[in-house]
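Hello,

Here is the structure we talked about, with its sequence. Please open it first, then read the notes below beside it.

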Amino acid sequence: GDDGHRTDAPGVTANMFEWNWSSVARECTNHLGPAGFRGVQVAPPADSLKRTSLGNGSDTVLHPWWEVYQPVDYTLTSRMGTAAQFAAMVSTCRQAGVKVYVDAVINHMTGQGNTSYGGQSYTHFSYPAVPYTAADFHQKGTGPNDCSSSSGGIEDFNNVHQVFKCELLGLADLNTSDPGVQSRLAAYLNTLIGYGVSGFRVDAAKHIGQADLDAIYRQLHRTKDGLRPYWALEVFGGGPGILSPQAFTTSGSVLGLDGVKQIRDAFKSYPDQHIGSLATLQVFGSGSGLTPSDRTLSFVTNHDTERNGDALSYKDGSRYLLANEWLLASGYGSPQVFSGFTFSSPDDSPPSDANGIITDADCGTGRWTCTHRNPGIVGMVGWHNYVGKAQRANFYTDGDNVIAFSRGNRGWAAFNNGTSPKTITVQTGLPGGDYCNVLASQRSGSGCTNGAPPVHVDSHGLVTTTVGPSGAVGLDRANKL
Ligand code: AAO
């Protein structure tokens with residue numbers, strides 16, 4: 001029936017966190033489409049909280065990045081642009097072969113303030129522009145739809161009653177088991193599908209719960225491509241039983257947040273913290289306790305984990321890029337590359353005007369991370385698309401920080417997370433010949449671009465190559481001379 005959650009895996013996506021709509025459109029045409037990204041995830045587009053004054057204490061950022069996680073209504077006037085700019089972005093991206101996935105904040109409404117980017121006024125539990133009234137929310141109390149914690153908020157993330165029915169961070173908690181609430185949420189998502197959106201990253205899905213998620217999903221229309229919408233649920237690991245990410249795979253795909261930590265621990269080698277090793281990644285995925293590959297949106301970081309210590313981030317430099325290149329090669333999940341903005345305070349927003357409207361992204365200023373444009377990342381996106389579903393084979397490790405493997409007989413890659421170059425002689429599974437290293441070049445006629453020397457594979461499939469520190473080598477048959 002129409003309630004099945006299985007949709008095509010989205011392929012490689014870029015998470016363009018808080019890039020404005022016109023900048024996303026430009027990237028789809030000029031970079032994401034040509035590089036082989038199949039999708040783009042964009043920040044929450046709904047009208048949201050607009051702060052008018054600083055909070056208490058150390059609060060110094062008037063318009064923190066997290067305003068967009070506090071919806072006020074479902075019109076599309078946001079920090080990232082207007083409804084017309086949103087619509088144009090979706091259409092431009094689709095023309096570039098890049099589907100659009102929206103971060104959908106449907107668990108709650110804003111928990112503070114009284115005005116929005118769209119100029120709407122509201123109070124806690126009353127959002128007239130939707131409209132929602134107090135009856136649409138879980139409230140502090142003892143009734144069947146109430147939250148019984150003493151504060152009215154979630155005090156225990158392992159308590160299913162509180163997780164489903166109490167306020168997360170003081171955000172007004174929608175009663176998502178109410179049919180009227182469900183139909184308003186579905187109407188919002190269907191409006192986005194009408195614009196050409198292909199699916200959703202469901203914010204705070206753990207706090208909606210499986211039954212309500214399923215009821216909302218059943219009301220969603222098919223996408224412009226005739227598919228059921230992609231449905232990627234944000235569920236942090238660590239919760240017991242029904243609150244675990246594994247328990248949400250019955251309702252959709254889930255974000256690979258436990259994988260984020262395993263990747264960090266394999267790659268991050270600080271003498272004063274811990275020494276990881278890439279050799280551990282011989283097993284990664286369901287074999288290491290993660291959710292199934294075909295149900296997981298996998299990534300090295302997202303906007304939360306780059307701030308909370310769970311993940312590698314752009315601040316880790318070449319090691320961060322290497323981890324992304326490895327993930328693209330690994331075959332685990334639908335890999336997503338994160339491109340956000342640099343920050344010093346964890347509250348910092350991307351460059352914005354005085355009204356909080358985010359200005360056009362510029363990869364030349366150092367304020368945008370632009371990971372999706374990095375040549376090594378672009379090379380491995382192509383490699384990922386070329387090897388397809390071919391199985392991993394020919395796994396090699398030095399037992400420490402160098403690993404290599406093939407994907408069937410279509411591609412082979414090596415990764416060195418050590419601090420010195422390492423020369424290896426290993427089986428690639430590839431036919432003999434000369435190949436361009438896709439991390440640095442592509443095939444062009446009878447040679448490799450950028451003056452890169454070809455890598456020779458002998459008639460037995462063996463390669464002898466030197467992998468630099470924090471470096472990688474990637475060969476595929478599309479780039480065989
Ligand atoms: C802002 C202010 C607040 C204010 C609020 C309302 O900062 O002081 O009260 O406004 O006025 C973002 C920001 C928030 C911001 C909010 C609204 O991060 O600071 O609040 O926008 O503007 C839980 C949820 C998860 C949620 C996460 C933040 O389960 O869904 O909290 N993430 C999403 C978004 C996030 C966004 C929201 C939801 C709200 O991605 O950006 O907030 O829309 C444990 C629990 C998790 C829990 C975490 C964090 O996780 O299991 O359920 O996430 O703690 O509290 C290891 C453990 C794992 C643990 C994790 C924590 O991984 O294994 O169990 O560490 O790091």
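Strands S11 (residues 296-299) and S12 (residues 334-339) run in the parallel sense and are paired over three bridges. Across this pair, Leu 297 stands opposite Ser 334 in S12. Keep in mind that you are looking at a predicted model.

What do these two strands belong to? They are part of a closed barrel of eight strands with parallel pairing, in the order S1-S2-S5-S8-S9-S10-S11-S12. On average, neighbouring strands of this sheet are turned by 30 degrees against each other, with direction ignored.

Now the chain as a whole. It has ten helices and 22 strands. Its radius of gyration is 23 Å, close to the 23 Å that the globule rule gives for 481 residues, so the chain is as compact as a globular protein of that length. Along its principal axes, the C-alpha trace spans about 70 × 50 × 45 Å. Of the 481 residues in the chain, 51% are buried. If you take the contacts with a separation of 6 or more, 71% of them are between residues 24 or more positions apart.

Next, the domains. The chain is divided into domain 1 (13-137 + 174-387) and domain 2 (392-479). Their C-alpha centres lie 33 Å apart. Where the two domains meet, 22 residues of domain 1 are in contact with 23 residues of domain 2. On the domain 1 side, the elements that give two or more residues are H9 and helix H10 (375-387). H10 gives the most to that side, with eight residues.

Last, the nonpolar core. How many residues does the largest nonpolar core have? It has 134, and those with the most contacts inside it are Val 24, Val 40, Leu 233, Val 300 and Ala 413. Helix H9 (residues 318-330) gives the most to this core, with eight residues. Why does the core lie between the two domains? Domain 1 and domain 2 both give residues to it, so it lies between them.

Leaving out residues up to four places away in sequence, Val 40 touches Thr 13, Ala 14, Met 16, Val 24, Cys 28, Leu 32, Cys 93, Val 98, Val 100 and Tyr 101. One of these, Val 24, is also among the residues with the most contacts inside the core.

Regards

Technical notes: Residues are numbered from 1 along each chain as its sequence is written. This is a predicted model: local features need pLDDT of at least 70, side-chain atom pairs count only at pLDDT 80 or more; totals for chains, interfaces and linings use all residues. A nonpolar core is a set of buried Ala, Val, Leu, Ile, Met, Phe, Trp, Tyr and Cys residues joined through C-beta atoms within 7 Å. A residue is buried if 20 or more other C-beta atoms lie within 10 Å of its own, exposed if 12 or fewer, and partly exposed in between; C-beta atoms are placed from the backbone. Helices (H or I, at least four residues) and strands (E, at least two) are DSSP runs, numbered from the N terminus. Domain bounds come from an automatic or database domain assignment. Two residues are in contact if their C-beta atoms, placed from the backbone, lie within 7 Å. Two strands pair if DSSP finds at least two bridges between them. Axes are lines fitted to C-alpha atoms, for helices over the stretch in contact, and angles run from 0 to 180 degrees between N-to-C directions. The radius of gyration is taken over C-alpha atoms; the globule rule is 2.2 Å times the number of residues to the power 0.38.
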